[in-house]
Amino acid sequence: MIRPGQIEDLKRVSELWHDLYEHEQSHGMILRISDNAVEIWREQMLSRLSQRTNVLLVAESDGDIVGFLSGQMKILGDLFIGGLSAIIQDLYVAPQNRGAGLGRMLTESAVSIFSDFGIDSIEVQVAHRNEVSLAFWTALGWHPEIIQVRRMLSLSNKDTKSTTQGLKTLGFAQKANRTIG
Ligand SMILES: CC(C)(COP(=O)(O)OP(=O)(O)OC[C@H]1O[C@@H](n2cnc3c(N)ncnc32)[C@H](O)[C@@H]1OP(=O)(O)O)[C@@H](O)C(=O)NCCC(=O)NCCS
């Protein structure tokens with residue numbers, strides 16, 4: 001069963017979010033999540049739940065949450081035709097529940113919600129060695145678009161919280177919680 005995620009689901013969903021990022025990092029994602037990333041993600045999602053531009057869906061099987069999808073709507077601006085866009089930031093189905101159509105159902109439910117809002121297009125980032133994911137999106141009729149490359153300039157484990165706060169005072173905007181679908 002696919003249903004909207006609620007506050008009380010966030011503990012379980014954030015565990016799945018952690019599993020998703022471990023999966024992405026083993027499939028080509030270079031950026032590493034911080035030690036308290038799960039906690040930060042849960043807090044961000046808690047504040048996003050009340051926003052109409054936010055989508056959180058969960059997949060239940062035998063009373064347990066075994067998959068989830070998160071996404072957000074955004075405005076691309078006047079540079080592009082079809083400027084109302086959405087991003088699916090996270091999509092994950094627990095290994096033992098894969099191949100049963102849950103990924104497809106989560107995605108089609110999100111597409112239906114975005115479509116009702118008049119969204120023109122939806123994007124997803126895929127880790128470059130995640131061949132199953134690419135096969136999944138292709139099977140659902142999505143098209144490969146951009147390949148992202150990254151060069152790390154620092155591998156140090158600096159205090160990201162104080163760095164982020166310092167940069168914000170310099171006028172840096174914090175990018176919306178991204179990332180790989
Ligand atoms: C990608 C993922 C969400 C797919 O979820 P799922 O519930 O297993 O997918 P579905 O059962 O809905 O499959 C839908 C279609 O995708 C394709 N597909 C799914 N798994 C596949 C695989 N292992 N190999 C090739 N194609 C596959 C099939 O065409 C399938 O349709 P079919 O069952 O009619 O043949 C799941 O594998 C997952 O969570 N992977 C780890 C995290 C991840 O990669 N997330 C996406 C990041 S962008």
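Good morning. Helices and strands here are DSSP runs numbered from the N terminus, helices being H or I of at least four residues and strands E of at least two. What we are viewing is a predicted model, in which local features need pLDDT of at least 70 and side-chain atom pairs count only at pLDDT 80 or more, while totals for chains, interfaces and linings use all residues. Residues are numbered from 1 along each chain as its sequence is written.

As to confidence, pLDDT is the predictor's own score for each residue, from 0 to 100. Its mean over the chain is 91, and 85% of the residues reach 70 or more. Over residues 176-181, however, the pLDDT is below 50; in the model this stretch has 18 contacts beyond near neighbours in sequence. Two residues are in contact if their C-beta atoms, placed from the backbone, lie within 7 Å.

Let me turn to the overall arrangement. The chain holds five helices and five strands, and along the sequence they follow the pattern β-α-α-β-β-β-α-β-α-α. The five strands form an open sheet of mixed pairing, in the order β1-β2-β3-β4-β5. Two strands count as paired if DSSP finds at least two bridges between them. β1 (2-4) and β5 stand at the edges with a single partner strand each, so one side of each has no neighbour in the sheet. Direction ignored, neighbouring strands are turned by 30° against each other on average.

At the β1 end, three bridges join β1 to strand β2 (residues 54-61), and the two run antiparallel. There, I2 stands opposite A59 in β2. Helix α1 (residues 10-25) packs on the sheet and touches β2, β3 and β4, its direction making about 90° with that of β4. Helix α3 also packs on the sheet, touching β1, β2, β3, β4 and β5, with its direction at about 30° to that of β3. For these angles, axes are lines fitted to C-alpha atoms, for helices over the stretch in contact, and values run from 0 to 180 degrees between N-to-C directions.

Now to strand β4 itself. Nine bridges join β4 to strand β3 (residues 64-75), and this pair is antiparallel. Why is β4 described as largely enclosed by the rest of the structure? The reason is that eight of the 10 residues of this strand (residues 84-93) are buried. A residue is buried if 20 or more other C-beta atoms lie within 10 Å of its own, exposed if 12 or fewer, and partly exposed in between, with C-beta atoms placed from the backbone.

A86 is found in this strand and stands opposite I122 in β5. A86 counts as buried because it has 23 C-beta neighbours inside 10 Å. Leaving aside neighbours within four places in sequence, its contacts include M73, F114 and I119.

Of the 26 residues in the largest nonpolar core, L57, A59, F68, L69, L106 and A110 touch the most other members. Such a core is a set of buried Ala, Val, Leu, Ile, Met, Phe, Trp, Tyr and Cys residues joined through C-beta atoms within 7 Å. Apart from this core lies another, of five residues, among them M29, V126, F136 and W137. Thank you.
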